[in-house]
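Here is a short note to read alongside the model, written for someone meeting it for the first time. Please keep the view open as you go through the points.

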Amino acid sequence: YLLVLGWRVCRVAGMVKYGCLLLALLGLQVTLGVLNVILQLPLPLAVAHNAGAALLLVSLIVLNFKLRFPD
């Protein structure tokens, strides 16, 4: 869902940076998740995965705000 949302937001004029940020954070989160599985859950990587989830959540909150209240 987030991949499609990011792709569609990237196509809206004035919202490109928010869509690209969402896609970048999503790619980071997936990469960290895969690395957690491959490397058998090292603590720093697990913490980074949690931090990535928090950043992803914040980016969705900002995107929601920008879509509801455009400048």
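The numbered points below go from the overall layout to single residues.

1. **What you are looking at.** This is a predicted model, in which local features need pLDDT of at least 70, side-chain atom pairs count only at pLDDT 80 or more, and totals for chains, interfaces and linings use all residues. Residues are numbered from 1 along each chain as its sequence is written, and side-chain values use heavy atoms, with hydrogens and water left out.

2. **Overall layout.** The protein chain has 3 helices and 0 strands, and its elements run α-α-α from the N terminus on. Helices (H or I, at least four residues) and strands (E, at least two) are DSSP runs, numbered from the N terminus. Along the principal axes, the C-alpha atoms fill a box of roughly 45 × 15 × 15 Å.

3. **Surface and burial.** The accessible surface of the protein chain comes to about 5100 Å², and 73% of that belongs to carbon and sulfur atoms; such areas come from the Shrake-Rupley method with a 1.4 Å probe, and for residues only the protein chains shown count as cover. Of the 71 residues in the chain, 25% are buried. Here buried means under 20% relative accessible area, exposed means over 50%, and partly exposed lies in between (1.4 Å probe, protein chains only).

4. **Helix H2.** How far apart are the end C-alpha atoms of helix H2? They are 33 Å apart, which agrees with the 33 Å that its 23 residues (16–38) should span at 1.5 Å a residue. The expected span is 1.5 Å times one less than the number of residues. The buried residues of H2 are Tyr-18, Gly-19, Leu-22, Leu-25, Leu-26, Gln-29, Leu-32 and Asn-36. An α-helix has 3.6 residues a turn, so residues three or four places apart point the same way. The buried residues of H2 pack against helix H1 (2–10) and helix H3 (43–68).

5. **The nonpolar core.** Which residues form the largest nonpolar core? There are 8 of them: Val-9, Met-15, Tyr-18, Leu-22, Leu-25, Leu-26, Leu-56 and Leu-63. H2 and H3 are the elements that give two or more residues to this core, and H2 gives the most, with 4 residues. A nonpolar core is a set of buried Ala, Val, Leu, Ile, Met, Phe, Trp, Tyr and Cys residues joined through side-chain atoms within 4.5 Å.

6. **Contacts to look up.** Contact means heavy atoms within 4.5 Å. Leaving aside neighbours within four places in sequence, Leu-63 is in contact with Leu-5, Val-9, Met-15, Tyr-18 and Leu-22. Ser-59 has its place in helix H3 and counts as buried at 10% relative accessibility. With neighbours within four places again left aside, Ser-59 touches Leu-21, Leu-22 and Leu-25. For the protein chain, 44% of the contacts with a separation of 6 or more are between residues 24 or more positions apart.

7. **Ala-48.** This residue is in helix H3 and is partly exposed, with a relative accessible area of 30%.

8. **The loop between H2 and H3.** Most residues other than glycine have a negative phi, and most peptide bonds are trans. Gln-40, in the loop between H2 and H3, has a positive phi of about 60 degrees although it is not a glycine. Leu-41 lies in the loop between H2 and H3 and has a positive phi of about 60 degrees, again without being a glycine. Gln-40 counts as exposed at 71% relative accessibility, and Leu-41 counts as exposed at 56%.

9. **Cysteines.** How many disulfides does a search of the whole structure find? The search finds 0, a disulfide being a pair of cysteine sulfur atoms within 2.5 Å. Cys-10 is in no disulfide, and the nearest cysteine sulfur, that of Cys-20, is 3.6 Å away. Cys-20 is partly exposed, with a relative accessible area of 40%.

10. **Aromatic rings.** The count comes to 1 aromatic pair. Rings of Phe, Tyr and Trp (its six-membered ring) pair if their centres lie within 6.5 Å; planes under 30 degrees apart count as stacked, over 60 as edge-to-face and the rest as tilted. The rings of Phe-65 and Phe-69 have centres 5.2 Å apart and planes at 50 degrees, so this pair is tilted. Phe-65 is partly exposed at 48% relative accessible area, and Phe-69 counts as partly exposed at 48%.
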